[in-house]
Amino acid sequence: MTHKILLIEDDASIVEMLEGHLKKAGYLVQSADNGEAGLALFNRDSFDVLVVDIMMPKLDGIEVIKRVRETSSVPILIMSANDNDVDKAIGLGFGADDYIAKPFSLVEITARIKAAIRRATIYAQREPDKKANPGTQMQFGNIVVDLDNYRVLKGNEECKLTAKEAEILRLFLKNPNRVFTKAQIYSLIWNDEYMGDENVINVQIRRLREKVEEEPSSPKYLKTLWGIGYKWEGNA
């Protein structure tokens with residue numbers, strides 16, 4: 001299967017470099033040089049992953065992510081020349097799955113794209129089966145989680161998770177009451193070496209709490225152990 005990538009970037013040299021490399025790697029690539037044009041392409045076609053610059057004319061990358069996340073859980077990889085925690089936290093907070101700083105190596109960005117597609121493919125294969133086997137369900141108060149289908153119900157409302165959020169939740173629920181450090185979570189979910197970038201984990205945990213906890217600021221299940229890590233407290 002040939003995967004389709006939407007590249008939204010206003011630097012023509014980066015677009016040319018990435019398009020050439022990704023096409024040689026077997027991907028189909030469409031590109032736009034501003035956020036407005038990128039959204040128009042996204043709304044007309046389907047893509048397996050979005051690669052989005054933050055600083056762009058007409059519509060910046062953060063606004064693009066916000067609008068895409070209103071309707072889709074497609075993997076989104078942010079590119080930015082500003083490699084700082086604030087940019088990462090903002091982008092990830094609005095629903096991006098990963099972040100890569102410019103300048104980047106073509107090997108690194110290709111590896112991250114492959115990982116994002118792999119996670120989303122697993123998620124999509126399980127998602128359509130809405131008739132959950134009762135044996136795969138776990139219930140915590142009014143939260144019902146179907147691990148095999150990556151489906152979460154809070155009350156009668158279905159929570160739409162991104163692939164990464166679903167994998168993090170699955171990790172915790174498969175290991176209730178076990179504490180995971182940030183390094184362990186990053187290694188297991190991102191399949192990459194943890195370089196101490198705490199914001200990547202912090203933001204994903206916050207987003208997950210907002211979706212599964214009744215009071216995210218005072219979580220009942222997804223608990224923080226300060227200076228250590230996180231755990232899911234309680235058994236189904």
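These are my notebook entries on a predicted model of one protein chain.

**Ground rules.** I number residues from 1 along the chain as its sequence is written, and I leave hydrogens and water out of side-chain values, which use heavy atoms.

**Whole chain.** I looked up the secondary structure and found eight helices and twelve strands. Helices here are DSSP runs of H or I with at least four residues, strands are runs of E with at least two, and both are numbered from the N terminus. The chain has 236 residues, and 50% of them count as buried. I use buried for under 20% relative accessible area, exposed for over 50% and partly exposed for in between, with a 1.4 Å probe and protein chains only. I then checked contacts (heavy atoms within 4.5 Å). Of those with a separation of 6 or more, 59% are between residues 24 or more positions apart.

**Helices α6 and α7.** I took α6 as residues 163-174 and α7 as residues 182-190; their axes come within 10 Å and cross at roughly 120°. The axes are lines fitted to C-alpha atoms over the stretch in contact, and angles run from 0 to 180 degrees between N-to-C directions. I therefore recorded the pair as oblique, the class left after under 35 degrees (roughly parallel), over 145 (roughly antiparallel) and 65 to 115 (roughly perpendicular). On the α6 side I listed K164, E167, I168, L171 and F172, which meet I185, L188, I189 and W190 of α7. These contact residues divide into seven nonpolar, no polar and two charged. Asp, Glu, Lys and Arg count as charged, and Ala, Val, Leu, Ile, Met, Phe, Trp, Tyr, Cys and Pro as nonpolar; the others, Gly among them, are polar.

**Backbone checks.** I found a cis peptide bond between K102 and P103, with omega about -5°. P103 sits in the loop between β5 (98-101) and α5 (106-126).

I also looked at positive phi outside glycine. K58 has phi near 70° and lies in the loop between β3 (49-53) and α3 (61-69). Its relative accessibility is 65%, so I logged K58 as exposed. N177 has phi of about 70° and is in the loop between α6 and β10 (180-181). At 35% relative accessibility, I logged N177 as partly exposed.

Notes
This is a predicted model: local features need pLDDT of at least 70, side-chain atom pairs count only at pLDDT 80 or more; totals for chains, interfaces and linings use all residues.
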